[in-house]
Amino acid sequence: MSIQPYQKELLQQAEEVGALKFGEFVLKSGRLSPYFFNAGLMSTGAILNTIARAYAETIIATFPPSTTTTPTPALPFDVLFGPAYKGISLAACTALVLSSSSAYNVGFAYDRKEAKDHGEGGRLVGVPVAGQRVLILDDVMTAGTAVRGAVETVRSAGGTVVGVVQLLDREEVGGGVDVDVRVGGSTARSTVQDVEEMLRETVPDARVVSVLKMRDLMVYLEQRGKGEDLEKMRGYRARYGRQDVVGSSLS
């Protein structure tokens, strides 16, 4: 198993600025995680460029352009939506990279935390989403509250959400510290699975994908010879990992 060059570059830069750390970290769920990821610390121009290129690569690979459109191929969505606040820069920068490096011209939009009652008013800023196919960009889903709110916002404005691209998929089930997928009959599900199921109620082929997955972090550690950290990751994934990934390589 390997990781793409853009993934490796992103992980290296995240580690350099302290956005990605390995060790022991207590999450809100009470779980003791062997790593911690804080996308809010990735806030320089160079890192934003790396993130946007990584999003663009992931989008083109998982939402491939149609070859039947003329005069040029078009992506299967019209608008990138970035939920306030972290998602705003993600959507703006990714739209720029898609245009400058791949000539795919898509709009971007975002929401306000509170509706504006003067000027143009409303909660949404950017291109109108009514009647448009919308791809939501998120950083990391935990309970999925933010992305569910974004889906509702887009739908209320008349848009159709065709997918979500998150920066990191922790590939673990929901619940607290007492969950253990190794226990026979465990039915715990992940937030990613729940959100994808919700999207497919209206768009059958909607997808939730990610730039990075926990398994990519494990490959990164293996390539750097970080055996102790890798073993902690394996133990964590064995207990909390989604059933569809627990048995994959590096387990």
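Predicted model: local features only at pLDDT ≥ 70, side-chain atom pairs only at ≥ 80, totals over all residues.
Good morning, colleagues. I begin with the helices. Two packed helices are described by the angle between their axes and the distance between the axes.

The pair to start with is helix 1, residues 5–16, and helix 6, residues 214–223; their axes lie 11 Å apart and the packing angle is about 80°. Helix 1 is therefore roughly perpendicular to helix 6, given that angles of 65 to 115 degrees count as such. On the side of helix 1, the contact is formed by Gln 7, Lys 8, Leu 11, Gln 12 and Glu 15. Helix 6 contributes Asp 216, Leu 217, Tyr 220 and Gln 223. Sorted by class, this contact holds three nonpolar, three polar and three charged residues.

Helix 6 also packs against helix 7, residues 227–240, with the axes 9 Å apart and an angle of about 155°. Because an angle over 145 degrees counts as roughly antiparallel, that term applies to helix 6 and helix 7. The crossing of these two helices is left-handed. From helix 6, the residues involved are Met 214, Arg 215, Leu 217, Met 218, Leu 221 and Glu 222. They meet Asp 229, Leu 230, Met 233, Arg 234, Tyr 236 and Arg 237 of helix 7. In this contact, seven residues are nonpolar, five are charged and none is polar.

What is the volume of the largest pocket? The value is about 980 Å³. Its lining comprises 38 residues, and Val 140, Met 141, Thr 142, Ala 143 and Arg 170 are the closest to the centre. Among the elements giving two or more residues to this lining are strand 2 (32–37), helix 3 (86–102), helix 4 (145–156) and strand 7 (160–169). Strand 6 provides the largest share, four residues. By class, the lining of the largest pocket has 17 nonpolar, eleven polar and ten charged residues.

The second largest pocket holds about 270 Å³ of space. Of its 18 lining residues, Arg 207, Val 208, Val 209, Ser 210 and Lys 213 are the closest to the centre. At least two lining residues come from each of helix 1, helix 2 (45–62), helix 5 and strand 8 (207–213). Which element supplies the largest share of this lining? Strand 8 does, with six residues. Here the lining divides into six nonpolar, five polar and seven charged residues.

Thank you for your attention.

Key. Residues numbered from 1 in each chain as written. Heavy atoms only, no water. Axes fitted to C-alpha atoms, helices over the stretch in contact; angles between N-to-C directions. Parallel < 35°, antiparallel > 145°, perpendicular 65-115°, else oblique. Contact = heavy atoms within 4.5 Å. Nonpolar A, V, L, I, M, F, W, Y, C, P; charged D, E, K, R; others polar. Left-handed = near helix turned anticlockwise from the far one by under 90°. 1 Å grid on protein atoms, 1.4 Å probe; cavity = no way out; pocket = protein on both sides within 12 Å on 5 of 7 lines; lining within 4 Å. Points joined across faces, edges and corners; volume = space filled by probe spheres on them.
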